[in-house]
Amino acid sequence: MKITVVGTGYVGLVSGACFADVGIEVTCVDIDQKKIDKLKNGIMPIYEPGLEEIVVRNYKSGRLHFSTDLGEAIQGAEVAFIAVGTPPGEDGSADLKYVLAVADEIGRKMTDYIVVATKSTVPVTTGEKVRGAIKAALEKRGSDLPFAVASNPEFLKEGAAVEDFLRPDRIVIGVDDERAEKIMQRLYKPFQLSGERIIYMDIPSAEMTKYAANAMLATKISFMNDIANLCERVGADANMVRKGIGSDPRIGNKFIYPGVGYGGSCFPKDVKAIIKTAKEYGYDLRVLQSVEDVNDDQKHILASKVKAHFGEDLSGMTFAMWGLSFKPNTDDMRESPAAVIIDELRAAGAKVKAYDPKAMEEAKAHYIFDKVTYCNDAYDACVDADALLLVTEWSEFRIPSWEAIGKLLKNKVVFDGRNIYDKKYLSTLGFVHYGIGSK
Ligand code: UDX
């Protein structure tokens with residue numbers, strides 16, 4: 001079986017490599033020639049555990065190809081996945097120009113029946129737009145070649161993308177054409193999912209499923225952050241409350257960790273986009289508007305705690321920051337709370353010394369540039385700093401040498417944005433510990 005995946009970002013590259021790994025012949029297409037050249041040489045555009053190995057292995061075996069030529073790549077392919085970016089426009093809605101440009105090109109260059117499946121997170125009704133773009137391009141060349149569109153949203157998490165793709169908990173396929181459904185069935189067979197975990201539905205429902213899933217997860221996080229902020233005020237401990245409610249299987253113990261707010265490429269963008277879609281249909285998604293508002297405020301929580309301890313004016317002070325990426329095991333800086341915290345500390349006159357195991361290059365090149373001093377390791381960041389801020393819970397930060405840190409910091413104060421340290425234990429070592437959701 002042969003397929004094409006257009007777009008070599010997170011979703012496209014991971015999907016392409018994983019499909020190749022189960023024996024499918026895959027061509028990954030991107031308009032960026034440099035990116036394609038690098039991939040051919042085994043250089044990954046992103047850091048993702050296990051990705052390099054699976055890409056290189058399948059490229060060498062000849063099952064995974066890289067190309068900039070979409071027209072050639074779709075020849076003989078049964079499915080073309082669209083996995084290009086859908087960046088948020090100024091009004092928060094997903095910009096479909098890249099998706100529709102790919103659809104148009106497929107329409108111009110296809111020579112046989114093909115299933116065009118969107119894997120990018122796209123607003124409800126995009127399937128119809130993709131169908132329209134392909135049809136229009138076919139009509140222009142006087143062709144009535146048959147084709148089908150499908151929606152196959154991707155639920156992989158950054159930092160665990162390969163694992164999530166190879167062992168998905170469910171696959172959602174929106175399709176309205178029998179031939180296309182059979183092809184998709186064959187494509188996903190190697191993943192050996194039991195029947196009920198491949199869920200077929202109509203295209204708009206599949207598109208909606210992706211947004212609803214991300215919006216629900218974002219809601220859990222904002223809900224917990226809201227409760228955590230109240231816990232602090234009433235003298236409760238959000239961590240205890242989390243354990244207390246998480247043991248109810250209807251609530252579940254995942255995604256209820258209070259912190260410095262959600263970031264990344266998906267939650268902020270998708271919550272905005274679904275609010276916008278609802279507005280277009282004359283409906284106000286009030287819960288999700290609050291989810292977004294709470295999250296925007298939560299990104300300021302750590303800097304507020306610093307100011308509550310040291311005073312509003314932080315001039316002449318320096319803070320050590322551990323972690324820059326929006327979550328561990330990724331170098332992704334998109335919508336990372338770290339950027340907001342850094343801006344707020346700097347605005348109050350402070351300097352920041354930062355260390356992140358993987359995201360410093362990305363931070364330097366695209367996000368926070370030279371706003372911070374980049375350090376060689378976690379301890380280096382603490383040298384002569386006034387206090388330590390833990391922003392991203394990388395595992396290497398979990399059990400540090402507090403003895404060493406106590407000697408390096410000017411004050412034994414820790415602002416723990418992810419509640420990974422034990423307040424009581426730290427107080428026995430003479431540290432003041434500020435967590436999220438407890439006094
Ligand atoms: C998410 C979805 O999980 C995935 O299914 C979808 O396909 C894309 O969006 P990702 O953006 O990779 O994946 O990140 P995820 O691991 O879900 O974390 C999102 C954010 O929530 C991070 O900033 C994380 O720190 C935060 N978070 C997560 C919390 O603050 N508390 C939690 O309990 C869980």
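Is Arg170 buried, exposed or partly exposed? Arg170 is partly exposed, with a relative accessible area of 26%. Here buried means under 20% relative accessible area, exposed means over 50%, and partly exposed lies in between (1.4 Å probe, protein chains only). The model is predicted, so local features need pLDDT of at least 70, side-chain atom pairs count only at pLDDT 80 or more, and totals for chains, interfaces and linings use all residues. Residues are numbered from 1 along each chain as its sequence is written, and side-chain values use heavy atoms, with hydrogens and water left out.

Salt bridges were examined next. Side chains of opposite charge can pair when their charged atoms come close. A salt bridge is counted when a side-chain nitrogen of Lys or Arg lies within 4 Å of a carboxyl oxygen of Asp or Glu. The structure holds 28 of these salt bridges. One of them joins Arg170 to Asp169, with 3.3 Å between the closest N and O atoms. Asp169 is exposed, at 52% relative accessibility.

Two further pairs lie within helices. Helices are DSSP runs (H or I, at least four residues), numbered from the N terminus. In helix α15 (residues 360-367), Glu361 and Lys364 stand 3 residues apart, about one turn of the helix. Their side chains form a salt bridge, at 3.8 Å from N to O. Glu361 is exposed, with a relative accessible area of 56%. Lys364 is partly exposed, at 39%.

The other pair is Lys407 and Glu403, whose side chains meet in a salt bridge of 3.4 Å, N to O. Both residues belong to helix α17 (residues 402-408), where 4 residues, about one helical turn, separate them. Lys407 is exposed at 66% relative accessibility. Glu403 is exposed as well, with a relative accessible area of 58%. Elsewhere, salt bridges that share partners link Asp21, Glu53 and Arg57 into one network.

Cysteines were then searched for disulfides. A disulfide is a pair of cysteine sulfur atoms within 2.5 Å. The whole structure contains 0 disulfides. For Cys28, the closest cysteine sulfur belongs to Cys18 and is 10 Å away, too far for a bond. Cys28 is buried, with a relative accessible area of 0%. Cys375 is also in no disulfide, as the nearest cysteine sulfur, that of Cys382, is 8.6 Å away. Cys375 is buried, with a relative accessible area of 3%.

Helix packing gives another view. Helix α1 (residues 10-21) packs against helix α3 (residues 51-60) at an angle of about 55°, and their axes are 9 Å apart. That makes α1 oblique to α3. Axes are lines fitted to C-alpha atoms, for helices over the stretch in contact, and angles run from 0 to 180 degrees between N-to-C directions. Angles under 35 degrees count as roughly parallel, over 145 as roughly antiparallel, 65 to 115 as roughly perpendicular and the rest as oblique. The residues of α1 that meet α3 include Leu13, Val14, Ala17 and Cys18. Among their partners in α3 are Leu51, Ile54 and Val55. Asp21 in α1 and Arg57 in α3 also belong to this set of meeting residues. Contact means heavy atoms within 4.5 Å.

Glu292 is buried, at 11% relative accessibility. Leaving aside residues up to four places away in sequence, Glu292 touches Tyr262, Val271, Lys272 and Ile275.

Definitions and conventions
Helix = DSSP H or I, 4+ residues; strand = E, 2+ residues; numbered from the N terminus.
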